[in-house]
Amino acid sequence: MQNTSKLTRLHQDIDQCVQNIRQQQPDWLCGKGCASCCKRLAEIPELTEQEWKLLSQGLAMLAPAKLHEISLEVGKLAQQTTRPVVCPMLDQASGACPVYAQRPVACRTYGFYVQRELGLYCREIETRVAEGHLADVVWGNHDVIDRQLSHQGKSRPLTAWFAESPFAVAAISTD
């Protein structure tokens, strides 16, 4: 319970940073329908144990057909060796996440938190940064987030968590 509370506080801190940036930059690129980051992941998303528990709650609330679709996408992702990868949760038609409220920290921070030395920005934001348009943005520090996540339990790829879940079994049994 204490880890869940820490995760909730971390989400609140992230949400506050995101809100501050959105208030300073009303035309900020990240929003519903912009799925650029979801379509160009460098790796399979890593989730902590607490993040997986929260995501599982969101998955359990989905319609069976949507959950089956996601299960199939996760299965494909587990076999994929090329990069970039597309998030298996992404609804391609709407560009939205069906488990948005339960999304992992990496999804919550992308576009708003950076590790400058690694150049971790979306391509569109990176272009605006290079042009000097976002010089006044107070970015969140992703190193701080990483330290806080390290206390949320073991971290594993989404595909590994999913493979051991009832969601994967449901997908196999309905084929």
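Me: Is H11 buried or exposed?
Reply: H11 is buried, at a relative accessible area of 9%. Buried means under 20% relative accessible area, exposed over 50%, and partly exposed in between, with a 1.4 Å probe and protein chains only. Keep in mind that this is a predicted model, where local features need pLDDT of at least 70, side-chain atom pairs count only at pLDDT 80 or more, and totals for chains, interfaces and linings use all residues. Residues are numbered from 1 along each chain as its sequence is written, and side-chain values use heavy atoms, with hydrogens and water left out.

Me: Which helix is H11 in, and what does H11 touch?
Reply: H11 is in α1, residues 2–24. Not counting residues up to four places away in sequence, H11 touches L54, R103, V105 and R108. Contact here means heavy atoms within 4.5 Å.

Me: OK, zooming out. How many helices and strands in the chain?
Reply: There are 9 helices and 4 strands. Both are DSSP runs numbered from the N terminus: helices are H or I with at least four residues, strands are E with at least two. Starting at the N terminus, the order is α-α-β-α-α-α-β-α-β-α-β-α-α.

Me: What share of the 175 residues is buried?
Reply: Buried residues are 39% of the chain. As for contacts with a separation of 6 or more, 81% come from residues 24 or more positions apart.

Me: Now the largest nonpolar core. Which residues touch the most other members?
Reply: In that core of 19 residues, they are W52, L55, L59, I70, M89, L158 and F162. Two or more residues each come from α3 (49–60), α4, α8 (158–163) and α9 (166–174), and α4 gives the most, with 4. A nonpolar core is a set of buried Ala, Val, Leu, Ile, Met, Phe, Trp, Tyr and Cys residues joined through side-chain atoms within 4.5 Å.

Me: What is L59 in contact with, leaving aside neighbours within four places in sequence?
Reply: L59 is in contact with W52, L67, I70, M89, V99, F162 and F167. There's also a second, separate core of 18 residues, with L10, C122, V137 and I145 among them.

Me: What about T109, where is that?
Reply: T109 is in helix α5 and is buried, at 0% relative accessible area. Leaving aside neighbours within four places in sequence, T109 is in contact with I14, H142 and I145. The T109 side chain also reaches the backbone oxygen of A106 at 3.3 Å.

Me: Switching topic: how many disulfides did the search find?
Reply: The whole structure gives 0 disulfides, a disulfide being a pair of cysteine sulfur atoms within 2.5 Å. For C38, the nearest cysteine sulfur is that of C37, 4.1 Å away. C38 counts as partly exposed at 23% relative accessibility, while C17 is buried at 13%.

Me: Last one: which residues does the cis peptide bond join?
Reply: R83 and P84, with omega about 5°. P84 lies in the loop between α4 (64–79) and α5 (105–109).

Note on methods. Polar contact = N/O pair within 3.5 Å; in protein donor to acceptor, adjacent residues only side chain to side chain.
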